[in-house]
Amino acid sequence: MTPAQPVQVVLVTGAGSGIGRASAVLFAARGARVVVSDRDAASAEQTVKHIRDAGGDAHALPADVSHAAQVAALIEGTLTRYGRLDAAHNNAGIEGAAGQTADCPEDTWRRVIEVNLTGVWLCLKHELPVMVRQGGGAIVNTASVAGVAGLPGFSAYAASKHGIVGLTKTAAAEYAKAGIRINAVCPGLIQTPMVDRQTGGRPEVAAQWAAMAPMKRCGTPEEVAEAVVWLCSPGAAFVTGHTLIVDGGLLAQ
Ligand code: NAP
(Lines give C-alpha, C1' and ligand atoms only; values in the text may rest on other atoms or scores of the structure.)
Protein backbone atom coordinates (compact mmCIF):
# COMPACT_ATOMS: atom_id res chain seq x y z
CA MET A 1 0.00 0.00 0.00
CA THR A 2 1.29 3.49 -0.74
CA PRO A 3 -0.02 6.39 1.34
CA ALA A 4 -2.31 7.37 -1.54
CA GLN A 5 -4.20 4.06 -1.62
CA PRO A 6 -7.15 3.10 0.56
CA VAL A 7 -6.89 0.05 2.83
CA GLN A 8 -7.43 -3.19 0.94
CA VAL A 9 -6.91 -5.81 3.64
CA VAL A 10 -7.15 -5.09 7.36
CA LEU A 11 -6.80 -7.21 10.50
CA VAL A 12 -8.78 -6.29 13.62
CA THR A 13 -8.18 -8.05 16.95
CA GLY A 14 -10.79 -8.17 19.68
CA ALA A 15 -13.26 -7.81 16.82
CA GLY A 16 -15.96 -9.98 18.34
CA SER A 17 -17.25 -7.18 20.55
CA GLY A 18 -17.35 -3.45 21.27
CA ILE A 19 -14.81 -1.16 19.63
CA GLY A 20 -13.15 -3.93 17.58
CA ARG A 21 -16.45 -5.05 16.10
CA ALA A 22 -17.38 -1.46 15.20
CA SER A 23 -13.98 -0.94 13.57
CA ALA A 24 -14.23 -4.18 11.55
CA VAL A 25 -17.71 -3.20 10.38
CA LEU A 26 -16.61 0.33 9.39
CA PHE A 27 -13.47 -0.86 7.56
CA ALA A 28 -15.68 -3.27 5.59
CA ALA A 29 -18.23 -0.56 4.83
CA ARG A 30 -15.38 1.56 3.41
CA GLY A 31 -14.43 -1.31 1.06
CA ALA A 32 -11.69 -3.21 2.93
CA ARG A 33 -11.54 -6.98 3.21
CA VAL A 34 -11.43 -7.67 6.93
CA VAL A 35 -9.84 -10.42 9.00
CA VAL A 36 -11.97 -10.53 12.13
CA SER A 37 -10.02 -11.95 15.04
CA ASP A 38 -11.04 -12.61 18.62
CA ARG A 39 -10.19 -15.23 21.20
CA ASP A 40 -13.85 -16.22 21.02
CA ALA A 41 -14.53 -17.86 17.64
CA ALA A 42 -18.32 -17.56 17.91
CA SER A 43 -18.28 -13.79 18.49
CA ALA A 44 -15.83 -13.33 15.60
CA GLU A 45 -18.20 -15.31 13.35
CA GLN A 46 -21.07 -13.03 14.42
CA THR A 47 -19.09 -9.97 13.34
CA VAL A 48 -18.30 -11.67 10.01
CA LYS A 49 -21.98 -12.47 9.48
CA HIS A 50 -22.90 -8.85 10.18
CA ILE A 51 -20.34 -7.64 7.60
CA ARG A 52 -21.36 -10.20 4.96
CA ASP A 53 -25.07 -9.48 5.46
CA ALA A 54 -24.25 -5.84 4.64
CA GLY A 55 -22.47 -6.92 1.44
CA GLY A 56 -18.88 -6.77 2.79
CA ASP A 57 -16.01 -9.23 2.68
CA ALA A 58 -14.74 -10.66 5.98
CA HIS A 59 -13.15 -13.80 7.35
CA ALA A 60 -12.90 -14.99 10.97
CA LEU A 61 -9.57 -16.15 12.40
CA PRO A 62 -9.71 -16.77 16.16
CA ALA A 63 -6.54 -16.09 18.16
CA ASP A 64 -5.51 -15.23 21.70
CA VAL A 65 -3.19 -12.25 21.22
CA SER A 66 -1.15 -13.17 24.30
CA HIS A 67 0.01 -16.43 22.65
CA ALA A 68 2.98 -15.96 20.32
CA ALA A 69 2.22 -19.03 18.18
CA GLN A 70 -1.43 -18.04 17.76
CA VAL A 71 -0.49 -14.52 16.65
CA ALA A 72 2.06 -15.90 14.17
CA ALA A 73 -0.64 -18.23 12.80
CA LEU A 74 -3.09 -15.31 12.62
CA ILE A 75 -0.81 -13.29 10.34
CA GLU A 76 -0.01 -16.39 8.24
CA GLY A 77 -3.72 -17.11 7.98
CA THR A 78 -4.39 -13.53 6.85
CA LEU A 79 -1.84 -13.88 4.07
CA THR A 80 -3.22 -17.28 3.08
CA ARG A 81 -6.74 -15.89 2.87
CA TYR A 82 -6.16 -12.46 1.30
CA GLY A 83 -2.50 -12.45 0.17
CA ARG A 84 -1.58 -9.15 1.84
CA LEU A 85 -1.97 -6.95 4.94
CA ASP A 86 -2.35 -3.19 4.51
CA ALA A 87 -3.64 -2.16 7.92
CA ALA A 88 -4.13 -3.53 11.41
CA HIS A 89 -6.15 -2.45 14.40
CA ASN A 90 -4.49 -4.09 17.43
CA ASN A 91 -7.39 -3.67 19.79
CA ALA A 92 -7.94 -6.76 21.98
CA GLY A 93 -7.78 -5.90 25.65
CA ILE A 94 -9.02 -6.71 29.13
CA GLU A 95 -9.49 -4.50 32.17
CA GLY A 96 -8.69 -6.94 35.03
CA ALA A 97 -10.34 -6.89 38.43
CA ALA A 98 -10.48 -3.55 40.27
CA GLY A 99 -8.29 -2.95 43.33
CA GLN A 100 -5.59 -0.62 44.63
CA THR A 101 -2.02 -1.16 43.43
CA ALA A 102 -0.81 -3.09 46.51
CA ASP A 103 -3.89 -5.30 46.42
CA CYS A 104 -3.58 -6.29 42.76
CA PRO A 105 -3.05 -10.08 42.65
CA GLU A 106 0.09 -11.07 40.73
CA ASP A 107 -1.86 -13.24 38.29
CA THR A 108 -4.16 -10.31 37.45
CA TRP A 109 -1.12 -8.05 36.90
CA ARG A 110 0.58 -10.59 34.64
CA ARG A 111 -2.55 -11.42 32.62
CA VAL A 112 -3.46 -7.76 31.95
CA ILE A 113 0.11 -6.96 30.83
CA GLU A 114 0.26 -10.15 28.72
CA VAL A 115 -2.98 -9.47 26.87
CA ASN A 116 -2.90 -5.68 26.55
CA LEU A 117 0.80 -4.90 26.13
CA THR A 118 2.54 -8.12 25.10
CA GLY A 119 -0.45 -8.84 22.85
CA VAL A 120 0.00 -5.57 20.94
CA TRP A 121 3.77 -6.14 20.73
CA LEU A 122 3.26 -9.68 19.38
CA CYS A 123 0.88 -8.35 16.74
CA LEU A 124 3.40 -5.67 15.72
CA LYS A 125 6.19 -8.25 15.67
CA HIS A 126 4.36 -10.30 13.06
CA GLU A 127 2.59 -7.52 11.14
CA LEU A 128 5.60 -5.26 10.58
CA PRO A 129 7.74 -7.66 8.51
CA VAL A 130 4.78 -8.24 6.16
CA MET A 131 4.25 -4.49 5.73
CA VAL A 132 7.98 -3.89 5.25
CA ARG A 133 7.97 -6.47 2.42
CA GLN A 134 4.91 -4.79 0.89
CA GLY A 135 6.50 -1.34 1.10
CA GLY A 136 4.12 0.24 3.64
CA GLY A 137 1.06 0.01 5.82
CA ALA A 138 -0.84 1.59 8.69
CA ILE A 139 -1.39 0.31 12.23
CA VAL A 140 -3.56 1.59 15.07
CA ASN A 141 -3.14 0.27 18.60
CA THR A 142 -5.97 0.71 21.08
CA ALA A 143 -4.61 2.39 24.21
CA SER A 144 -6.96 4.40 26.47
CA VAL A 145 -7.24 7.65 28.38
CA ALA A 146 -5.56 5.40 30.98
CA GLY A 147 -2.59 5.42 28.60
CA VAL A 148 -1.96 9.12 29.25
CA ALA A 149 -3.39 9.57 32.77
CA GLY A 150 -3.63 7.36 35.84
CA LEU A 151 -6.75 5.30 36.58
CA PRO A 152 -7.11 4.64 40.33
CA GLY A 153 -8.14 1.04 40.95
CA PHE A 154 -6.67 -0.24 37.67
CA SER A 155 -2.88 -0.05 37.97
CA ALA A 156 -2.12 -3.00 35.67
CA TYR A 157 -4.53 -1.64 33.04
CA ALA A 158 -3.07 1.88 33.20
CA ALA A 159 0.50 0.51 33.08
CA SER A 160 -0.34 -1.64 30.06
CA LYS A 161 -1.99 1.26 28.23
CA HIS A 162 0.89 3.67 29.00
CA GLY A 163 3.13 0.90 27.64
CA ILE A 164 1.12 0.79 24.42
CA VAL A 165 1.62 4.54 23.94
CA GLY A 166 5.42 4.20 24.37
CA LEU A 167 5.53 1.16 22.10
CA THR A 168 3.49 2.98 19.45
CA LYS A 169 5.78 6.03 19.42
CA THR A 170 8.93 3.91 19.31
CA ALA A 171 7.72 1.64 16.51
CA ALA A 172 6.43 4.68 14.58
CA ALA A 173 9.89 6.26 14.67
CA GLU A 174 11.56 3.00 13.68
CA TYR A 175 9.30 2.13 10.74
CA ALA A 176 8.53 5.53 9.20
CA LYS A 177 11.24 5.00 6.57
CA ALA A 178 9.58 1.73 5.62
CA GLY A 179 6.39 3.65 4.82
CA ILE A 180 4.52 2.27 7.83
CA ARG A 181 2.48 4.64 10.03
CA ILE A 182 1.75 3.53 13.59
CA ASN A 183 -0.64 5.43 15.85
CA ALA A 184 -2.65 4.85 19.01
CA VAL A 185 -6.24 5.68 19.78
CA CYS A 186 -7.13 6.58 23.37
CA PRO A 187 -10.84 6.09 24.05
CA GLY A 188 -12.54 7.56 27.09
CA LEU A 189 -15.69 5.96 28.44
CA ILE A 190 -17.21 3.99 25.56
CA GLN A 191 -20.47 2.06 25.77
CA THR A 192 -19.28 -1.54 25.34
CA PRO A 193 -19.54 -4.82 27.27
CA MET A 194 -16.26 -3.87 29.03
CA VAL A 195 -17.97 -0.87 30.63
CA ASP A 196 -21.13 -2.89 31.35
CA ARG A 197 -18.96 -5.30 33.34
CA GLN A 198 -17.54 -2.44 35.42
CA THR A 199 -20.89 -0.77 36.09
CA GLY A 200 -22.53 -4.12 36.79
CA GLY A 201 -25.04 -3.11 34.11
CA ARG A 202 -26.38 -0.30 36.36
CA PRO A 203 -27.34 2.67 34.16
CA GLU A 204 -27.11 5.11 37.10
CA VAL A 205 -23.40 4.24 37.57
CA ALA A 206 -22.75 4.59 33.84
CA ALA A 207 -24.52 7.97 33.89
CA GLN A 208 -22.36 9.14 36.84
CA TRP A 209 -19.17 8.18 35.01
CA ALA A 210 -20.37 9.71 31.77
CA ALA A 211 -21.07 13.00 33.59
CA MET A 212 -17.33 13.35 34.33
CA ALA A 213 -16.66 14.29 30.67
CA PRO A 214 -17.62 17.75 29.38
CA MET A 215 -19.84 16.14 26.75
CA LYS A 216 -21.77 14.40 29.56
CA ARG A 217 -22.25 11.10 27.76
CA CYS A 218 -20.51 7.83 26.92
CA GLY A 219 -18.96 7.55 23.50
CA THR A 220 -20.08 4.89 21.07
CA PRO A 221 -17.82 2.18 19.61
CA GLU A 222 -18.63 3.63 16.18
CA GLU A 223 -17.17 7.02 17.19
CA VAL A 224 -13.87 5.33 18.08
CA ALA A 225 -13.99 3.28 14.87
CA GLU A 226 -14.22 6.51 12.83
CA ALA A 227 -10.92 7.66 14.38
CA VAL A 228 -9.25 4.30 13.73
CA VAL A 229 -10.36 4.11 10.12
CA TRP A 230 -9.25 7.70 9.52
CA LEU A 231 -5.80 7.01 11.03
CA CYS A 232 -5.42 4.14 8.54
CA SER A 233 -6.66 6.21 5.58
CA PRO A 234 -4.72 8.24 3.01
CA GLY A 235 -6.13 11.34 4.75
CA ALA A 236 -3.77 10.65 7.67
CA ALA A 237 -0.72 10.18 5.42
CA PHE A 238 1.47 12.54 7.53
CA VAL A 239 0.27 11.30 10.94
CA THR A 240 2.44 8.81 12.81
CA GLY A 241 3.42 8.17 16.44
CA HIS A 242 0.30 10.05 17.51
CA THR A 243 -2.06 9.25 20.38
CA LEU A 244 -5.52 10.33 19.30
CA ILE A 245 -7.78 10.91 22.31
CA VAL A 246 -11.48 10.18 21.73
CA ASP A 247 -13.03 10.96 25.10
CA GLY A 248 -15.72 13.66 24.90
CA GLY A 249 -13.26 16.13 26.44
CA LEU A 250 -12.56 14.12 29.62
CA LEU A 251 -8.82 14.82 29.63
CA ALA A 252 -9.20 18.39 28.41
CA GLN A 253 -10.35 19.74 31.78
P1 NAP B 1 -14.99 -5.59 24.89
O2 NAP B 1 -16.36 -5.29 24.42
O3 NAP B 1 -14.78 -6.44 26.09
O4 NAP B 1 -14.18 -6.20 23.63
C5 NAP B 1 -12.88 -6.70 23.75
C6 NAP B 1 -12.78 -7.94 22.89
O7 NAP B 1 -11.43 -8.43 22.97
C8 NAP B 1 -13.70 -9.07 23.38
O9 NAP B 1 -14.32 -9.72 22.29
C10 NAP B 1 -12.72 -9.98 24.10
O11 NAP B 1 -13.12 -11.32 24.16
C12 NAP B 1 -11.49 -9.83 23.23
N13 NAP B 1 -10.30 -10.32 23.91
C14 NAP B 1 -10.02 -10.25 25.24
N15 NAP B 1 -8.84 -10.84 25.49
C16 NAP B 1 -8.38 -11.29 24.30
C17 NAP B 1 -7.22 -11.99 23.91
N18 NAP B 1 -6.31 -12.39 24.81
N19 NAP B 1 -7.06 -12.28 22.61
C20 NAP B 1 -7.97 -11.93 21.70
N21 NAP B 1 -9.10 -11.30 22.00
C22 NAP B 1 -9.31 -10.97 23.29
O23 NAP B 1 -14.21 -4.25 25.21
P24 NAP B 1 -14.05 -2.86 24.38
O25 NAP B 1 -14.52 -1.81 25.27
O26 NAP B 1 -14.55 -2.98 23.00
O27 NAP B 1 -12.45 -2.79 24.40
C28 NAP B 1 -11.67 -2.82 23.21
C29 NAP B 1 -10.37 -2.12 23.51
O30 NAP B 1 -10.64 -0.76 23.84
C31 NAP B 1 -9.60 -2.69 24.69
O32 NAP B 1 -8.22 -2.69 24.42
C33 NAP B 1 -9.91 -1.72 25.82
O34 NAP B 1 -8.91 -1.69 26.80
C35 NAP B 1 -9.99 -0.43 25.04
N36 NAP B 1 -10.71 0.64 25.71
C37 NAP B 1 -12.03 0.54 26.00
C38 NAP B 1 -12.69 1.60 26.63
C39 NAP B 1 -14.15 1.57 26.98
O40 NAP B 1 -14.61 2.49 27.69
N41 NAP B 1 -14.92 0.61 26.50
C42 NAP B 1 -11.96 2.75 26.97
C43 NAP B 1 -10.62 2.82 26.66
C44 NAP B 1 -10.00 1.75 26.02
P45 NAP B 1 -13.90 -11.80 25.50
O46 NAP B 1 -15.24 -11.12 25.47
O47 NAP B 1 -13.98 -13.28 25.30
O48 NAP B 1 -13.07 -11.37 26.66
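Figure 1. The model is predicted, so local features need pLDDT of at least 70 and side-chain atom pairs count only at pLDDT 80 or more, whereas totals for chains, interfaces and linings use all residues. Residues are numbered from 1 along each chain as its sequence is written, and side-chain values use heavy atoms, with hydrogens and water left out. A polar backbone atom of Ile19 is 2.8 Å from an oxygen atom of the ligand. For Arg39, an N or O atom in the side chain is 2.4 Å from a ligand oxygen atom. Around the ligand there are 29 residues, of which Ser17, Asp38, Arg39, Tyr157 and Thr192 come nearest (near: a heavy atom within 4 Å).

**Figure 2. Helix H1 against helix H8.** The axes of H1 (residues 18-29) and H8 (residues 221-231) come within 8 Å and cross at roughly 55°. H1 is therefore oblique to H8 (angles under 35 degrees count as roughly parallel, over 145 as roughly antiparallel, 65 to 115 as roughly perpendicular and the rest as oblique). Axes are lines fitted to C-alpha atoms, for helices over the stretch in contact, and angles run from 0 to 180 degrees between N-to-C directions. Helices are DSSP runs (H or I, at least four residues), numbered from the N terminus. H1 passes H8 in a right-handed crossing, a term for a near helix turned clockwise from the far one by less than a right angle. On the H1 side, Gly18, Ile19, Ala22, Ser23, Leu26 and Phe27 meet residues of H8, including Pro221, Val224 and Val228 (contact: heavy atoms within 4.5 Å). By class, this contact has 9 nonpolar, 2 polar and 2 charged residues.

**Figure 3. Helix H4 alongside helix H5.** H4 (residues 106-134) and H5 (residues 155-175) have axes that come within 8 Å and cross at roughly 15°. H4 is therefore roughly parallel to H5. The pair forms a right-handed crossing. Among the H4 residues that meet H5 are Trp109, Trp121 and Val132; those of H5 include Tyr157, Leu167 and Tyr175. The contact of H4 with H5 has 16 nonpolar, 4 polar and 1 charged residues.

**Figure 4. Helix H1 alongside helix H2.** The axes of H1 and H2 (residues 41-53) come within 10 Å and cross at roughly 30°. Arg21, Ala24, Val25 and Ala28 in H1 meet Ser43, Gln46, Thr47, His50 and Ile51 in H2.

Note on methods:
Helix = DSSP H or I, 4+ residues; strand = E, 2+ residues; numbered from the N terminus. Nonpolar A, V, L, I, M, F, W, Y, C, P; charged D, E, K, R; others polar. Polar contact = N/O pair within 3.5 Å; in protein donor to acceptor, adjacent residues only side chain to side chain.
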